[in-house]
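This note sets out, point by point, what may be read from the model shown below.

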Amino acid sequence: MKHSNVAIFVPHNGCPHCCSFCNQVKITGQQKQPTADDVINAASVAMKSKRYNPQQSEIAFFGGSFTAIDRSYMVMLLSAAYKYVENGSFAGIRISTRPDYIDNEILEILKSYGVTAIELGAQSMCDDVLTANMRGHTARDVVNASKLIKKYGFSLGLQMMTGLYKSSIEKDIYTAEQICHLLPDTVRIYPTIIMADTVLADYYKNGDYNTYSLEETVELCAKLLQMFNKHSIRVIRLGLHSTEDISKGMVAGPWHPSLGELCAARVFRNSIDDYIKANALPTGCYTVAVNSRDISKVLGQKHSNIEYFAQKGYNLTVKQGSAMPGEFYFSDLADKQNTCFNKS
Ligand code: SF4
C-alpha cells in the first residue's frame with residue numbers, strides 16, 4: 001500500500017540566505033506559515049484517506065530549512081504532529097533542512113518529538129559549486145551533519161541538484177559518488193529548473209548560464225540511478241513534481257512530467273547496449289524477458305528504446321519473464337540458454 005503522508009510546507013520567511021535557484025513562492029504557490037491547527041487539519045484529512053495506513057504514514061515538514069526557523073515555532077509544529085505519533089496514528093515525522101543547521105541540541109529536540117527521518121539539502125558536494133550558488137554551507141557540513149544524523153539513529157535522506165551554476169556532468173557525478181560514501185537511506189535528485197525571480201534567472205537572461213538539456217539530464221540521471229542502485233540507496237524522487245506554479249514560473253530547464261520514467265527507461269537502454277557490445281552480438285532478432293513491472297521501462301516511452309535498437313539493427317521483443325525487478329534475460333531465437341543480466 002502506498003503511504004498517505006501528510007506534507008506540510010514550512011517556508012523560511014526571513015531566510016538570511018540567497019540560494020541562486022530559490023523561489024519557494026513560485027514552486028509551492030504559497031508562503032503562509034502553517035499553524036498547529038493546519039497540522040491537525042492535514043492529519044485529520046489524511047486519516048480519512050483510503051490509502052491511510054498508520055504503520056506507513058508520516059507527517060512531513062518540508063521546505064528545506066525546518067531546523068533554521070524560529071525555535072519556538074518549530075517546537076509548536078512538532079508538538080502538534082507528535083500527538084499523532086504518540087497515539088499511533090502516524091509512524092513518524094520527517095523533516096527537510098540545511099546541513100549547517102544540524103547539531104546535537106537540534107537532534108535531541110527532534111528525537112524527543114518523534115522525528116524519524118531527516119533529509120538534508122546537500123545540492124552539491126563541490127565547494128566551488130556551493131559557493132557559486134550562494135548556499136552558505138560547505139561539503140564538509142554535509143558530511144558532518146550526515147554522520148551525526150546517522151549516529152542519532154534517524155533515517156538519513158540527501159537531496160542533490162544537477163546542472164547548477166558552475167557545475168558540470170563530472171561534478172554532478174562526483175557529488176553522487178560522495179553521497180554514496182555517506183550511505184543515506186534515501187536520495188532525491190532535482191535537476192535544476194530556472195525559475196523566475198531567482199539569481200539563476202538573471203544569469204540565464206544575461207547569457208552567463210544555462211542548465212542541461214532534457215537529453216543531457218536523462219543520460220546523467222540514468223547514470224546516477226545506477227550508482228545509487230549499486231549502493232542499495234533508494235531514490236525516492238527524481239525531478240520536481242508537476243504543479244501549476246512550475247508551468248507559470250519556469251524560465252528554462254529540463255522539466256518533464258515523467259522524468260523518473262524517462263531515466264529508468266534509459267537505464268535499461270544503456271544496460272542492453274552494454275550487454276550487446278560486451279558480447280559482440282550480431283544484429284538480428286532477440287528477446288528480452290523482464291519482470292512484469294519493468295516491461296514499460298524496457299520499451300521506453302512510445303517504444304523509444306525499441307526504435308533505438310531497431311535503428312542499430314537489433315529487433316527486440318520484450319516479454320514478461322521470471323527476472324527479478326531490474327534484471328533482464330537476453331536471448332536470440334536459437335538460444336534457449338537465456339543469460340541473466342542485472343542492469344545495475
Ligand atoms: S533554498 Fe536557500 S534561500 Fe531558499 S529558503 Fe532555503 S536556505 Fe533560504
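1. In which sense do strand 2 and strand 3 pair, and over how many bridges? Strand 2 and strand 3 (residues 92-97) pair in the parallel sense, over four bridges. Within this pairing, Phe 61 has Ile 95 of strand 3 as its bridge partner. The model is a predicted one, and the remarks that follow should be read accordingly.

2. Overall make-up. The protein chain contains 13 helices and 13 strands. Its radius of gyration is 22 Å, close to the 20 Å that the globule rule gives for 344 residues, so the chain is as compact as a globular protein of that length. The C-alpha trace spans about 70 × 50 × 35 Å along its principal axes. Of the 344 residues, 41% count as buried. Among contacts with a separation of 6 or more, 76% come from residues 24 or more positions apart.

3. Seven strands make up an open sheet with parallel pairing, in the order 1-2-3-4-5-6-8. Strand 1 (6-9) and strand 8 (234-238) are the edge strands, each pairing on one side only. From one strand to the next, the twist averages 20 degrees.

4. Strands 1 and 2. Strand 1 runs parallel to strand 2, and four bridges join them. Phe 9 stands opposite Phe 62 in strand 2. Strand 2 (residues 58-62) is mostly covered, with four of its five residues buried.

5. Thr 162 is placed opposite Pro 191 in strand 6. Helix 6 (residues 139-151) packs on the sheet, where it touches strand 4 (115-123) and strand 5. The direction of helix 6 makes about 170 degrees with that of strand 4.

6. Ser 124. This residue lies in the loop between strand 4 and helix 5 (127-132). The C-alpha atoms of Ser 124 and Thr 175 are separated by 5.6 Å, although the two residues are 51 residues apart along the chain.

7. Two loop lysines with positive phi. Lys 166 is found in the loop between strand 5 and helix 7 (169-182), and its phi is near 70 degrees, a positive value in a residue other than glycine. Lys 166 counts as partly exposed because it has 16 C-beta neighbours inside 10 Å. Lys 302 is found in the loop between helix 12 (295-299) and helix 13 (304-311), and its phi is near 50 degrees, also positive in a residue other than glycine. Lys 302 has 8 other C-beta atoms within 10 Å, so this residue is exposed.

8. Which residues come nearest to the ligand? Of the 10 residues around the ligand, the nearest are His 12, Cys 15, His 17, Cys 19 and Cys 22. By class, the shell comprises four nonpolar, five polar and one charged residues.

Definitions and conventions:
Residues numbered from 1 in each chain as written. Predicted model: local features only at pLDDT ≥ 70, side-chain atom pairs only at ≥ 80, totals over all residues. Near = placed C-beta within 6 Å. Nonpolar A, V, L, I, M, F, W, Y, C, P; charged D, E, K, R; others polar. Rg over C-alpha atoms; globule rule 2.2 N^0.38 Å. Buried ≥ 20, exposed ≤ 12 C-beta atoms within 10 Å, placed from the backbone. Contact = placed C-beta atoms within 7 Å. Pairing = 2+ DSSP bridges. Axes fitted to C-alpha atoms, helices over the stretch in contact; angles between N-to-C directions.
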